[in-house]
Amino acid sequence: MVSVGDDAPDFTAPLADGDIESFTLSENLDAAPVVLAFFPAAFTGTCTTEMCTFRDQMANFEDVGATVYGVSIDTPFTLNEFRAQNDLNFGLVSDTNREIIDAYDVSMDFAGLGVRNLAKRAVFVVDDDGEITYAWVSDDPGVEPDYEEVAAAAEDAR
């Protein structure tokens, strides 16, 4: 798994931000610190709560110059609808080919439901040098991150 002090695995993927455009992490480090919030699936209970909490606490991240991105395996079209229905004020990265969750080693299966290779709930903070300065990963998809801890980590990464 990617750990604090590692170089953040770079990626290029579709970004759902109302439109759909290409997003490359290394080309957006000028907006660092970058918070990558991985979530299993749009339109599910805990994932909606998590993304809405990031939305509601966006001022904490903006105050320290941090940029938040959600990351899931959903299509960019699904993510744009999820953004619209929940008034999300940040972009969502679509990892339909699962390259990002594999690179960050945050893939999991919901074996009982027959659903394979989803993102674990995880948060990484990346500084302007492309280094991971904070990492949190949960094996329990029902557990949300400590949002104050993530905001503090983003502030520390400036």
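In what order do the elements of the chain run from the N terminus on? They run β-β-β-α-α-β-α-β-α-β-β-β-β-α.

This is a predicted model, where local features need pLDDT of at least 70, side-chain atom pairs count only at pLDDT 80 or more, and totals for chains, interfaces and linings use all residues. Residues are numbered from 1 along each chain as its sequence is written, and side-chain values use heavy atoms, with hydrogens and water left out.

**View 1. The whole chain.**
The chain has five helices and nine strands. Both kinds of element are DSSP runs, numbered from the N terminus: helices are H or I with at least four residues, strands are E with at least two. The radius of gyration of the chain is 14 Å, close to the 15 Å that the globule rule gives for 158 residues, so the chain is as compact as a globular protein of that length. The radius is taken over C-alpha atoms, and the rule is 2.2 Å times the number of residues to the power 0.38. Along the principal axes, the C-alpha atoms fill a box of roughly 40 × 30 × 30 Å. Of the 158 residues, 51% count as buried. Buried means under 20% relative accessible area, exposed over 50%, and partly exposed in between (1.4 Å probe, protein chains only).

**View 2. The open sheet.**
Seven strands form an open sheet in the order E2-E1-E5-E4-E3-E8-E9, with mixed pairing. Two strands pair if DSSP finds at least two bridges between them. The edge strands are E2 (20-24) and E9 (132-138), and each pairs on one side only. From one strand to the next, the twist averages 25°. Axes here are lines fitted to C-alpha atoms, for helices over the stretch in contact, and angles run from 0 to 180 degrees between N-to-C directions.

**View 3. Strand E3 and its partners.**
Strand E3 (residues 34-38) is mostly covered: five of its five residues are buried. Val34, Leu36 and Phe38 point one way from E3, while Val35 and Ala37 point the other way. E3 pairs with strand E4 (residues 67-72) in the parallel sense over five bridges. With E8, E3 pairs in the antiparallel sense, also over five bridges. Follow Val34: its bridge partner in E4 is Thr67, and in E8 it is Val126. Val126 in turn has Ile132 as its bridge partner in E9. Strands E8 (residues 121-126) and E9 are antiparallel, with six bridges.

An unreviewed UniProt entry annotates Cys47 as "active site". Such annotations may be inferred rather than shown by experiment; positions are given in the numbering used here, and feature names are shortened. Cys47 lies in helix H1 (residues 45-56). At 2% relative accessibility, Cys47 counts as buried. Not counting residues up to four places away in sequence, Cys47 touches Phe39, Pro40, Ala41, Phe82 and Arg121. Contact means heavy atoms within 4.5 Å.

**View 4. Aromatic rings.**
The whole structure holds 10 aromatic pairs. Rings of Phe, Tyr and Trp (its six-membered ring) pair if their centres lie within 6.5 Å; planes under 30 degrees apart count as stacked, over 60 as edge-to-face and the rest as tilted. The rings of Phe54 and Phe61 have centres 5.7 Å apart and planes at 45°, so this pair is tilted. Phe54 and Phe61 are both buried. The rings of Tyr104 and Phe124 have centres 5.2 Å apart and planes at 55°, so that pair is tilted. The pair links distant parts of the chain, 20 residues apart: Tyr104 is in the loop between helix H4 (99-103) and strand E6 (107-110), and Phe124 is in strand E8. Phe11, Phe23, Phe38, Tyr69, Tyr104 and Phe124 form one aromatic cluster.
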